[in-house]
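Hi,

Here is the structure I said I would pass on.

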Amino acid sequence: MSSSSLSNPTLSTLFLGHKLRQNQNPKNGITYNPIFKSHKIPRCAVDMPYGGNAPTFPRIKVWDPYKRLGISPYASEEEIWSARNFLLEQYSGHERSEESIEAAFEKLLMSSFQHRKKTKINLKSRLKKKVEESPPWIKNLLNFVELPPVEVIFRRLFLFAFMGGWSIMNSSEGGPAFQVAVSLAACIYFLNEKTKSLARAFIIGLGALATGWICGSIFVPMIPTVLIHPTWTLELLTSLVAYVFLFLACTFLK
């Protein structure tokens, strides 16, 4: 079609005249060429607002981190985490908003950590002050007590709890004599590790066992029979009390 129009000047002239008449404004007779019609130039990424189309956090310049996250000054750590996650989800994609939210969150988290650390130090100092102000006999008594690491406490607690459970499971077959002997041997072993004196460890272990057995023999009969299992004998319950005293002796005594 285009080649025939160019080869035939008459047909070409008629076609162009027809297009010009279509593009002529009937009101003022002005013609225009659609080729030169203005089009909107697409904007590049540099012309877009910072963060694209993501919403902007309205409290970016708020100095108070609590007000910036929209929470109470008495908010817990769970509330702080929830506010942070909610705001990051709302303003995801806007870098400055995310940085502002994270900065407020980190500031509150650090403040909470320092407060807990300060409270722990204050608790230790108050306990130390109470000990210093206590009577002389309490000071002498505390000289024989120590606080081992938490993992040591839990390991020995598990051992004596296992002995107690073993005694209860075998209560119908016989007495807990074997379990008591094993517990006493374990107590003496742990004490010997600390005191480096087998004689002292033996004396403390036997003393703890005797004290526990005497206390069990006194206080166990005071327990209402309704609370005691029918198969649990006085010997079994007394041995459970003895396990507690053996645990305390080998864990907290020097």
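A quick definition to start: I call it a salt bridge when a side-chain nitrogen of Lys or Arg lies within 4 Å of a carboxyl oxygen of Asp or Glu. Bear in mind that this is a predicted model, where local features need pLDDT of at least 70, side-chain atom pairs count only at pLDDT 80 or more, and totals for chains, interfaces and linings use all residues. Residues are numbered from 1 along each chain as its sequence is written, and side-chain values use heavy atoms, with hydrogens and water left out.

By that rule there are two salt bridges. One joins R84 to E102, with the closest N and O atoms 2.8 Å apart. R84 sits in helix α4 (residues 77-90) and E102 in helix α5 (residues 95-133), so this pair links distant parts of the chain, 18 residues apart; helices here are DSSP runs of H or I, at least four residues, numbered from the N terminus. R84 is buried at 18% relative accessible area, while E102 is partly exposed at 23% (buried is under 20%, exposed over 50%, partly exposed in between, with a 1.4 Å probe and protein chains only).

The other is between E146 and K194, at 3.4 Å from N to O. Because E146 lies in the loop between α6 (136-142) and α7 (150-169) and K194 in helix α8, the pair ties together parts 48 residues apart in sequence. E146 is partly exposed, at 29% relative accessibility, and so is K194, at 28%.

Last one: M222 is in the loop between α9 (198-219) and α10 (234-252), and at 58% relative accessibility M222 counts as exposed.

Cheers

Notes
Helix = DSSP H or I, 4+ residues; strand = E, 2+ residues; numbered from the N terminus.
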